Amino acid sequence: MRILVDVDGVLADHVAPALAIVNREQRMAFTRADVKEWAQQLGDTDIATEIKRVLADPDAVMGMPVIEGALEALNMLAEKHTIIIATSRPFGTSASTRNWLWVNRIPHSCFVCTNDKAALEGDLLIDDHLPFVAAFAATGRPAVLFTQPWNEDMPCVCRARGWQDVVRIVAELEP
Ligand SMILES: [Mg+2]
């Protein structure tokens with residue numbers, strides 16, 4: 001299978017450095033569990049604005065932690081499947097994003113920046129953004145919503161609560 005894998009919220013913890021900035025600048029103690037929506041208000045800013053700031057700073061991008069279990073799962077999946085990184089990050093962040101993937105040894109054959117993931121060739125999408133998952137599923141292909149605090153209350157047909165779940169779902173889909 002050709003598996004399309006999102007970056008932010010699936011491979012990279014993009015919220016961690018943004019929260020660190022918010023907490024430092026506002027002397028607060030917000031956690032990722034407080035981020036219940038895409039543009040969650042946090043004091044006098046919102047997380048989407050702060051993530052944009054982080055993405056504009058290559059050093060901050062490099063500091064993003066890998067989401068737990070992602071590396072082990074992808075190494076396993078890459079033995080049998082083609083991994084295509086599909087991110088909606090701005091095209092200008094491609095260099096730092098690809099550098100992050102390389103430094104963190106994330107196995108992949110291909111890298112795409114797009115806001116239209118449903119238009120990509122591929123057999124399965126793993127993403128934490130429900131509109132992308134819904135649009136991909138509407139093309140008749142399986143799509144998995146990777147659970148995060150900002151999507152956990154949303155109804156979804158296929159959901160992965162972590163990378164072990166992704167591996168199990170892929171195994172079920174294998175011919
Ligand atoms: Mg994402």
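Visitor: What share of the 175 residues in the protein chain is buried?

Guide: This is a predicted model, so to speak of local features we need pLDDT of at least 70, and side-chain atom pairs count only at pLDDT 80 or more, while totals for chains, interfaces and linings use all residues. Residues are numbered from 1 along each chain as its sequence is written. A residue is buried if 20 or more other C-beta atoms lie within 10 Å of its own, exposed if 12 or fewer, and partly exposed in between, with C-beta atoms placed from the backbone. By that count, the buried share of the protein chain is 35%.

Visitor: Which domains is the chain divided into, and how far apart are their C-alpha centres?

Guide: The bounds come from an automatic or database domain assignment. Domain 1 covers 2-13 + 66-173, and domain 2 covers 15-62. Between the C-alpha centres of domain 1 and domain 2 the distance is 22 Å.

Visitor: How many residues does each domain bring to the contact?

Guide: Two residues are in contact if their C-beta atoms, placed from the backbone, lie within 7 Å. On that basis, domain 1 gives eleven residues and domain 2 gives twelve.

Visitor: Which residues have the most contacts inside the largest nonpolar core?

Guide: A nonpolar core is a set of buried Ala, Val, Leu, Ile, Met, Phe, Trp, Tyr and Cys residues joined through C-beta atoms within 7 Å. The largest one here has 44 residues. This core draws at least three residues from each of domain 1 and domain 2. Those with the most contacts inside the core are Ile3, Leu4, Val5, Leu11, Leu125 and Ile126.

Visitor: Where do the buried residues of helix α6 sit around its axis?

Guide: Helices (H or I, at least four residues) and strands (E, at least two) are DSSP runs, numbered from the N terminus. In α6, residues 130-137, the buried ones are Phe132, Val133 and Phe136. Their arc, taken from the directions from the helix axis to the C-beta atoms, is within 100°, so they line one face of the helix. Their cover includes β6 (124-127) and β7 (143-146).

Visitor: Is Arg27, with its positive phi, buried or exposed?

Guide: Arg27 is not a glycine, yet its phi is about 50°. Its place is the loop between α1 (15-26) and β2 (41-42). Because 8 other C-beta atoms lie within 10 Å, Arg27 is exposed.
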